[in-house]
Amino acid sequence: FVVRLRFRFSFFVAVLETSLLIALLAARRSPFDFQMRNMSLYIGGIICYKFALETMNTCIFNLLARSNEKARASVLWVTLQSINYATQCLGSLLVGPAVKRVRASRLLATTLLLFGAAITTIPIMEAATGGRLDSDGEWGPWMLFILYPLVGVFHGIIELIRRVIPK
C-alpha cells in the first residue's frame, strides 16, 4: 500500500515539477520580478526534484523486494544501485560538451523535465498493468534496469549543474 501511495505521490511531484518549468518559461515581467520568480521556481523545482528522487529510490527497492525473495532482492538492489552510480558518472561527463552547445539553465530545465518524465513512467506502468492500491501490477521488475540507469544519467547532470555550475 505504501509503495503505491508513494508512486502516486511521486507522479504528482513530477507533474508539479513540470508545471513549475512551464510557468518559468511562460511569464515575462520586470527584471526584478522576473529574477525573484525564477529564483523561487528554481528552489521549488529543486525541492520537488530531491523529494521525487528519494521517494523513487524507496519505491524501487520496495518493488524489487515485493517481486523477489529477500536474498535475491538485496542482490538486485545492490546491482541496480551500482549501475545507477555508474550512469550518474556518465551523466556528469556529458555536462561539459552539452554546456558548450546549450546554456546551463536550459540544460538544467530540460534535464529536470526528462527526469520527471522518467520517474512518471513507473507509476504509469504499474497502473497500466492492473496495479491498484490493494493489488500488484503484472509487469516485471526487470524494466527497472532500463529506467533506473536512465534516471541516474539525469541525476548526474542535474547534480553537477546544480553544484558546480551555479550561473
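Is tryptophan 77 buried or exposed? In this predicted model, tryptophan 77 is buried, because its relative accessible area is 17% and anything under 20% counts as buried. Keep that residue in mind while we look at the aromatic rings.

Searching the whole structure turns up four aromatic pairs. Let's start with tyrosine 49 and phenylalanine 115, which sit edge-to-face, with 5.0 Å from centre to centre and 65° between the planes. This pair ties together distant parts of the chain: tyrosine 49 belongs to helix H2 (residues 31-67) and phenylalanine 115 to helix H4 (residues 104-128), 66 residues apart. Both tyrosine 49 and phenylalanine 115 are buried.

Now back to tryptophan 77. Its ring pairs with phenylalanine 61, again edge-to-face, at 5.4 Å centre to centre and with 70° between the planes. Here too, distant parts of the chain are linked: phenylalanine 61 comes from helix H2 and tryptophan 77 from helix H3, 16 residues apart. Phenylalanine 61 counts as partly exposed, because its relative accessibility is 32%.

Next, have a look at how two helices meet. Helix H3 (residues 70-101) packs against helix H5 (residues 144-163) at an angle of about 40°, and their axes are 7 Å apart. That angle makes H3 oblique to H5. If you're wondering about handedness, the crossing of H3 and H5 is right-handed. And what kinds of residues make the contact of H3 with H5? They divide into 15 nonpolar and ten polar, with no charged ones.

Methods: Residues numbered from 1 in each chain as written. Predicted model: local features only at pLDDT ≥ 70, side-chain atom pairs only at ≥ 80, totals over all residues. Heavy atoms only, no water. Axes fitted to C-alpha atoms, helices over the stretch in contact; angles between N-to-C directions. Helix = DSSP H or I, 4+ residues; strand = E, 2+ residues; numbered from the N terminus. Parallel < 35°, antiparallel > 145°, perpendicular 65-115°, else oblique. Left-handed = near helix turned anticlockwise from the far one by under 90°. Nonpolar A, V, L, I, M, F, W, Y, C, P; charged D, E, K, R; others polar. Phe/Tyr/Trp six-rings, centres within 6.5 Å; stacked < 30°, edge-to-face > 60°. Buried < 20%, exposed > 50% of the residue type's maximum accessible area, 1.4 Å probe, protein only.
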